Amino acid sequence: MKINALRCFFPYALVLLFLFNIPFLSNAQANIDFGKSYINVTKGVSGGTVEPGDLLEIRASLVVKSGTYDSCAFFDVLPTGTSYISNTIRILTNEGKIYKQFTDAANDDEGSIAGSNIRINLGFNQSSAPATAFRRGRVANTHKPSFYGSTCIMIASYRVQVTAFYGATISIGGGSISYKPSGSVLATINFPARTIAVFKNYGICTNTVGTNSLGTEFNGTFGSGKPRNRGTSANVPMGYTYATFTSNSPQDYYYGVANNTSINTGYTTSNTWPKPDAAHRVFGVWDVIGDHTGASNPLTGNAAADTVNNNNGGYMLVINAAYRIDSAFQQTISGLCPNTYYEISCWVRNICSRCGCDSNGVGASGAGYIPTAANDSSGVYPNLSFNVNGIDYYTTGNLQYTGQWVKKGFTFLTGTTQTSFTLKFFNNAPGGGGNDWALDDISVATCSPDLTFTPSNNPTICKGNTISIGCIIKSYFPNYTNYKWQKSTDNGTTWNDLTTPAVGTPTWTGSDWQYSVSYPTFVANASDSGNKYRIVVATTAANLSDPNCSISLTTSIITLSVIDCSMPLATNFLSVNGVRQSGFNKIYWSTSEETNPAVYIVERSNDGRNYNPIGSIHQSNNNRYEWIDSFPVAKNYYRVKMVGDNSSYKYSRVILLSKEMSTKLNVQNPFNDKLLFEVETPFDISVPAYLSDITGRIILKKQLNLNQGTQQFLLTETTTLPIGTYYLQLQVGSELITKKVLKTF
């Protein structure tokens with residue numbers, strides 16, 4: 001945005017623009033700019049990756065900021081891996097609106113396609129050497145599409161459909177624009193190659209955990225401090241120049257790092273001032289905001305920092321981009337794990353609601369202004385591409401003005417030996433009214449699996465009984481296949497391998513990939529009490545031996561409790577179940593072969609903790625038993641105690657029979673670094689549990705194996721969550737049980 005003019009931004013997703021062959025002058029001195037870009041029409045405002053069948057719009061920009069240029073034309077060849085969409089040769093405004101429409105045929109208007117070759121003669125001012133079907137035209141800075149009457153921004157475009165398959169790349173580069181400065185010879189600008197990946201859109205993984213691997217700029221948060229303007233960032237390339245916030249700064253091609261975006265002479269922490277308001281807002285129209293890190297509401301973010309009365313405020317990167325397209329942030333990230341999925345994401349915000357400028361050169365506050373859409377005066381919208389090692393994998397789509405922050409990102413799989421990559425965020429718009437945005441909380445985090453132990457994390461075992469433990473390994477991706485068991489005898493201080501590394505075979509359940517593994521059974525001794533067991537998983541055998549590339553969740557550890565139940569019983573419970581019939585409760589169970597006499601005592605509890613005997617049955621010959629409770633209360637917990645003739649005993653599992661016969665969810669509220677909740681269910685069932693933010697975005701997902709009765713669960717992956725409101729949900733059949741929870745610190 002300039003002092004007297006607001007810039008416009010493309011209104012589609014996946015724009016990629018590069019400018020070159022510009023003399024080495026300051027950005028403000030360049031008289032003419034060129035660029036090549038594409039948008040993903042199919043993905044629209046949501047953004048995403050380029051996939052087979054997507055509709056792309058190829059764009060080339062000619063921006064004349066001063067002077068007059070003759071013999072202007074655009075030439076291109078259809079990208080390999082695409083097919084042309086008929087009758088889509090056009091001239092667009094910088095907002096993406098159709099300014100001129102052409103046919104595919106030659107010799108009837110200024111645009112045509114012959115085979116794979118595209119040509120558009122440019123220049124449409126009928127009183128100044130206009131282009132025709134047979135002649136290149138003239139473009140002056142005062143021609144239309146106009147930016148405040150001082151600059152002409154013209155976009156030559158056509159559309160293609162992606163025919164390439166996943167794993168391929170498409171080059172949108174090549175092609176050229178010809179032009180001739182007054183009194184000079186004809187010049188040609190040849191566009192360089194630009195590569196995009198045809199890549200499956202996995203979205204953002206549902207269980208990102210672990211340390212942010214970004215490693216720079218305070219791990220993507222840009223830090224905090226009392227001064228409003230922090231200073232330069234080593235991660236912003238030379239295409240942008242650092243500036244502090246004033247009434248007319250940062251200008252085009254400039255950036256700031258600040259905790260308050262109000263102007264220096266009209267300091268304020270309020271964003272309720274009218275628009276325009278030159279006394280408080282940059283250019284009279286920018287939002288007055290604070291950063292995103294740690295905000296209680298991740299959508300609204302933090303209010304502008306009070307840099308007078310408070311000692312600290314979080315910083316964010318603020319970009320005022322314009323015609324040139326350069327990387328706005330870049331970093332080489334090392335220490336990554338091979339064959340591992342990483343979520344690459346950031347929070348970004350459009351900070352200008354009244355930055356539009358239409359093709360007639362009328363600004364958003366001017367009479368006769370034509371908005372981008374109904375009641376939308378923001379102009380064109382910010383749009384960022386995520387580039388990994390020189391290839392575009394994802395773009396954000398249109399960041400429409402909402403007055404809120406939005407999280408954007410995708411999931412990237414490292415190669416079989418890859419341990420680093422260079423990440424760049426490109427600004428993708430050619431300038432005009434708009435293209436002003438804030439960036440914060442950049443993250444590169446692993447997408448790790450969930451580990452669920454059986455029979456539970458804290459089983460109680462009778463001394464002399466056989467112990468069978470296992471683990472269900474679930475992941476959004478099917479590559480956590482390598483595993484090993486470990487044991488600790490010093491309360492988790494040190495861990496020793498118990499088994500040689502093995503490989504599991506996951507299967508798709510409809511919601512995730514999972515497989516089960518079992519540790520070899522053994523007989524419990526008193527010395528086993530307190531021992532801890534865990535499973536370590538990784539994507540490759542090499543990663544399994546690397547503590548930085550293997551996963552072992554602190555919440556997924558088995559701690560044994562071995563008690564003396566007198567002489568061990570040879571008989572075991574095979575099943576224990578119950579049913580409510582006609583107001584009565586029937587409990588039935590079966591046992592293994594009974595070699596010694598035994599008595600079965602049925603015990604009942606109404607709170608799941610204190611049990612009393614309500615009846616007994618002596619051993620029978622068929623190993624099957626049942627007991628009817630004729631006087632049940634509203635909620636009944638049952639267990640069966642098997643007692644041998646030597647007074648040894650063992651308990652069955654607990655079952656719950658209730659009049660309501662529904663699953664209930666009780667949650668610790670509010671919570672801090674860990675979220676504790678209790679599930680009460682009248683039957684055995686496996687259900688998914690989700691923790692989502694107020695936008696409905698799933699942050700954590702776990703599969704809970706519920707046994708009849710009441711069980712407690714602890715989520716420790718909530719430590720790094722921002723303060724705010726969340727929703728814990730259980731999907732029990734067709735019923736979705738929801739509890740609202742609040743994290744306080």
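Modeller: Happy to! Let me start with a term: a contact means heavy atoms within 4.5 Å. This is a predicted model, in which local features need pLDDT of at least 70 and side-chain atom pairs count only at pLDDT 80 or more, while totals for chains, interfaces and linings use all residues. Residues are numbered from 1 along each chain as its sequence is written, and side-chain values use heavy atoms, with hydrogens and water left out.

Biologist: Which residues does Ser-652 touch, not counting residues up to four places away in sequence?

Modeller: Ser-652 sits in the loop between β48 (649-651) and β49 (655-658); strands here are DSSP runs of E with at least two residues, helices are runs of H or I with at least four, and both are numbered from the N terminus. With that sequence neighbourhood set aside, the residues touched by Ser-652 are Phe-573, Val-576, Arg-639 and Val-640.

Biologist: Is Ser-652 buried or exposed, and at what relative accessibility?

Modeller: Buried means under 20% relative accessible area, exposed over 50%, and partly exposed in between, using a 1.4 Å probe and protein chains only. Ser-652 therefore counts as buried, since its relative accessibility is 9%.

Biologist: How many helices and strands does the secondary structure of the chain come to?

Modeller: The C-alpha atoms fill a box of roughly 115 × 60 × 55 Å along the principal axes. Of the 745 residues in the chain, 56% are buried. As for secondary structure, the chain comes to two helices and 56 strands.

Biologist: What share of the contacts with a separation of 6 or more comes from residues 24 or more positions apart?

Modeller: Thr-499 and Trp-485 give a local example of residues brought together: they are 14 residues apart along the chain, and their C-alpha atoms are separated by 5.6 Å. For the chain as a whole, with contacts at a separation of 6 or more, the share from residues 24 or more positions apart is 69%.

Biologist: How far apart do the centres of the positive and negative side chains lie?

Modeller: Lys and Arg count as positive and Asp and Glu as negative, with His and the chain ends not counted. Each charge is placed at NZ of Lys, CZ of Arg, CG of Asp or CD of Glu. The chain has 54 positive and 47 negative side chains, and the centres of the two sets are separated by 3 Å.

Biologist: What is the handedness of the disulfide between Cys-352 and Cys-355?

Modeller: A search of the whole structure finds two disulfides. For Cys-337 and Cys-549, the S-S torsion is about -90°, so that disulfide is left-handed. Cys-352 and Cys-355 are joined with S to S 1.7 Å. Their S-S torsion is about 85°, so this disulfide is right-handed.

Biologist: Where is Asp-441 found?

Modeller: Asp-441 has a positive phi of about 50° although it is not a glycine. Its relative accessible area is 15%, so Asp-441 is buried. As for its place, Asp-441 is found in strand β28 (residues 436-447).

Biologist: Which backbone nitrogen does the side chain of Thr-499 reach?

Modeller: Thr-499 is in the loop between β34 (496-497) and β35 (502-503), and at 22% relative accessibility it counts as partly exposed. Residues that Thr-499 touches include Lys-484 and Tyr-519. At 3.1 Å, its side chain reaches the backbone nitrogen of Trp-485.

Note on methods:
A disulfide is a pair of cysteine sulfur atoms within 2.5 Å. A polar contact is a pair of N or O atoms within 3.5 Å; within protein, one must be able to donate a hydrogen and the other to accept it, and residues adjacent in sequence count only if both atoms are side-chain atoms.
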